[in-house]
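Reader: Hi! Could you walk me through this model?
Author: Happy to, have a look here.

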Amino acid sequence: MSAPIRVAVTGAAGNIGYALLFRLAAGDCYGKNQPIILQLLEIPTGMKALEGVVMELQDSAFPLLHGIEISDDPNVAFKGVNQAFLVGSRPRTKDMNRADLITANGPIFVGQGQAIANNAASDVRVLVVGNPCNTNALIAMHAGKSVPKDRWHAMTRLDENRAKAQLAKKTGALPGEVTNVGIWGNHSDTMFPDFNNAKVKGQPVPSVADRAWLEGEFLKTVATRGKAIIEARGASSAASAASAAVDHMSSLWNGTPAGEFTSMAVCSNGAYGVPEGLIFSFPVTAKGGNWQIVEGLAQDDFAKAKIANTIKELESERETVKDLLK
Ligand code: NAX
């Protein structure tokens, strides 16, 4: 058994938090030999509900759960953490557009970025789930400058998993037989699930699914899946989002399988013409907490246009929050 690692989860009493904490405590992310100490952050009005969640975690008697600490102070919640899931953020209300949401959430991520830089362990890795996650991660990365830029991530794994599920359904394959589905760009309906480089049972997707479906129904279904879930469930995706967060951090911790890649929104180094410094989802391989953008992937004109569009959206989001990027 290894020494316990400290794992922070913000918005821990929320819907995603409720699904995520039990998966982490069960060992689904870091493996069955890796004990964890959970450090949970909520806002003051969320603390009572969080106490209830803690009781349930205790009542599950997870052998790997070596401690639970709760706080409404980011400086306490991020003390010594090795891994951080930034899930909590202000939800979008009916009267808010995307720019309002960005402006409302920005200051939260300034405070949390600084608190991570001031308190976390030197090996910290951060995954931002709270929306707009790419731009929130950008804000946190700027606020937490002393933490190397490659440690800040935003989550597009749910988009990847949704795309894999649709490709599996269409071709009759199992989800695990669909590989190398890279998501490019923003976690929004402008992201591009790259079917050209994806594979089903080792075969290129364009050879097993028709182009019209891929460019049409497939892209639309993946882009609007979140809305469809809200309409059906009356609440936004929670268990699948938690599962994707576990997948993302597990890929980073345990590594990607040989010959396969996954999607992580990370700080662009200018690869594929993506402006340097944007938090942008790329196809990546990972090993031991570090990642690398996959080089040399083909992009046809259709893919290039989609990627240009999602770059434009992220640049406009960056413009909206420029005062927070000091
Ligand atoms: P909930 O509203 O159920 O939970 C959010 C929790 O965060 C609440 O308990 C709230 O008290 C807490 N919170 C708010 N501000 C906080 C702060 N400053 N510090 C700590 N906690 C704070 O939302 P939930 O369904 O759990 O979703 C959480 C976030 O994930 C939302 O921003 C949502 O849009 C985003 N999502 C991101 C996805 C992705 O793929 N990147 C997919 C799912 C989800 O839509």
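Reader: How is the protein chain divided into domains?
Author: The chain splits into domain 1 (5-154) and domain 2 (157-318), with bounds from an automatic or database domain assignment. This is a predicted model: local features need pLDDT of at least 70, side-chain atom pairs count only at pLDDT 80 or more, and totals for chains, interfaces and linings use all residues. Residues are numbered from 1 along each chain as its sequence is written, and side-chain values use heavy atoms, with hydrogens and water left out.

Reader: Thanks! How many residues of each domain are in contact?
Author: 33 residues of domain 1 touch 35 of domain 2, where contact means heavy atoms within 4.5 Å. Their C-alpha centres are 23 Å apart.

Reader: Switching topic, which residues of α6 are buried?
Author: Among them are Leu158, Ala163, Leu167 and the charged Arg157 and Asp159; buried means under 20% relative accessible area (1.4 Å probe, protein chains only). Helix α6 covers residues 157-171, and Gly172, with a positive phi near 75°, follows α6.

Reader: And how do the axes of α6 and α9 cross?
Author: They cross at roughly 105° and come within 8 Å; the axes are lines fitted to C-alpha atoms over the stretch in contact, with angles from 0 to 180 degrees between N-to-C directions. So α6 is roughly perpendicular to α9, a label for angles of 65 to 115 degrees.

Reader: Nice, which residues of α6 make that contact?
Author: Arg157, Leu158 and Asn161 do, meeting α9 residues that include Ala244 and His248.

Definitions and conventions
Helices (H or I, at least four residues) and strands (E, at least two) are DSSP runs, numbered from the N terminus. The expected span of a helix is 1.5 Å times one less than its number of residues. Buried means under 20% relative accessible area, exposed over 50%, partly exposed in between (1.4 Å probe, protein chains only). Angles under 35 degrees count as roughly parallel, over 145 as roughly antiparallel, 65 to 115 as roughly perpendicular and the rest as oblique.
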